[in-house]
Amino acid sequence: MKIQFTKHGGKQDWMECIRDNGTSTRCPMPKQGILPHDFVHYVVEDTLKLKRGFYGILSIGVGFPNSAPPWDAADFQLNDLSEALQAESFVECFQAEMWNGFESSENFWEILQIACSQRSVPTPDHITSDNLQQVRSRLRAYTEQWNALPIGETLTVVFNS
């Protein structure tokens, strides 16, 4: 699935997901002073190989809920949302680091466990410290690309489900 992140002026940017079968779905992304939340999802899910996270759900044909963002994974009305909820927990933890100048949290795992517990899902046990460093490195690189992107331009990535 191709994901296009387009930078706009004002208070929001836009994201469009173009599935392999040609169908698409799009939504606004509120600006928050760091890489857009849905872009962080892409980096986390792609790097950690979370195939049933936010983008995995979109890739199988589920569209965005009718409610305004931010969405809860339950709004997508699927049976098993465990990986999507784990992905959301990871994204929150990485966003906190980004808002703190990309300073790695010494207690990342504990914070992740709390975030997963609040969503009633287990903390993934297949993720390593090296995986987390890969996410951090990619977040820094994409942040630089996003910040340099002129208004009206699009950054395109591919999510392999």
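**Helix contact and sheet: a quick chat**

Colleague: Hi! Which residues of H3 meet which ones in H4?

Modeller: Hi! On the H3 side they are Gln-86, Ser-89, Phe-90, Glu-92, Cys-93, Phe-94 and Glu-97, and in H4 they meet Phe-108, Ile-111, Leu-112, Ala-115 and Cys-116. Sorted by class, that contact has 8 nonpolar, 2 polar and 2 charged residues. Bear in mind that this is a predicted model.

Colleague: Noted. Where do those two helices sit in the numbering, and at what angle do they cross?

Modeller: H3 covers residues 82-99 and H4 covers residues 108-118. Their axes come within 9 Å and cross at roughly 140 degrees.

Colleague: Why call that oblique?

Modeller: Angles over 145 degrees count as roughly antiparallel and 65 to 115 as roughly perpendicular, and the crossing is at roughly 140 degrees. H3 and H4 are therefore oblique to each other.

Colleague: And is the crossing left-handed or right-handed?

Modeller: Right-handed, as H3 passes H4.

Colleague: Great. Switching to the sheet: what's the strand order?

Modeller: The order is S3-S2-S1-S4, an open sheet of 4 strands with antiparallel pairing. S3 (24-30) and S4 stand at the edges with a single partner strand each, so one side of each has no neighbour in the sheet. From one strand to the next, the twist averages 20 degrees.

Colleague: How many bridges join S1 to S2?

Modeller: There are 5, between S1 (residues 2-6) and S2 (residues 12-18), and the two strands run antiparallel. For orientation, Lys-2 has Ile-18 in S2 as its bridge partner, and Thr-6 stands opposite Trp-14 in S2.

Colleague: What about the hairpin there, which residue takes a positive phi?

Modeller: That's Gly-10, with phi near 85 degrees. The hairpin of S1 and S2 has 5 residues between the strands.

Colleague: And how does S1 pair with S4?

Modeller: In the antiparallel sense, over 5 bridges, with S4 spanning residues 154-158.

Colleague: Last one: which strands does H1 lie across?

Modeller: H1 (residues 37-47) lies across S1, S2, S3 and S4, and runs at about 25 degrees to S4. H5 (residues 129-148) also lies across S1, S2, S3 and S4, running at about 150 degrees to S4.

Methods
Residues are numbered from 1 along each chain as its sequence is written. This is a predicted model: local features need pLDDT of at least 70, side-chain atom pairs count only at pLDDT 80 or more; totals for chains, interfaces and linings use all residues. Side-chain values use heavy atoms; hydrogens and water are left out. Axes are lines fitted to C-alpha atoms, for helices over the stretch in contact, and angles run from 0 to 180 degrees between N-to-C directions. Angles under 35 degrees count as roughly parallel, over 145 as roughly antiparallel, 65 to 115 as roughly perpendicular and the rest as oblique. A crossing is left-handed if the near helix is turned anticlockwise from the far one by less than a right angle, and right-handed if clockwise. Contact means heavy atoms within 4.5 Å. Ala, Val, Leu, Ile, Met, Phe, Trp, Tyr, Cys and Pro count as nonpolar, Asp, Glu, Lys and Arg as charged, and the others, Gly among them, as polar. Two strands pair if DSSP finds at least two bridges between them.
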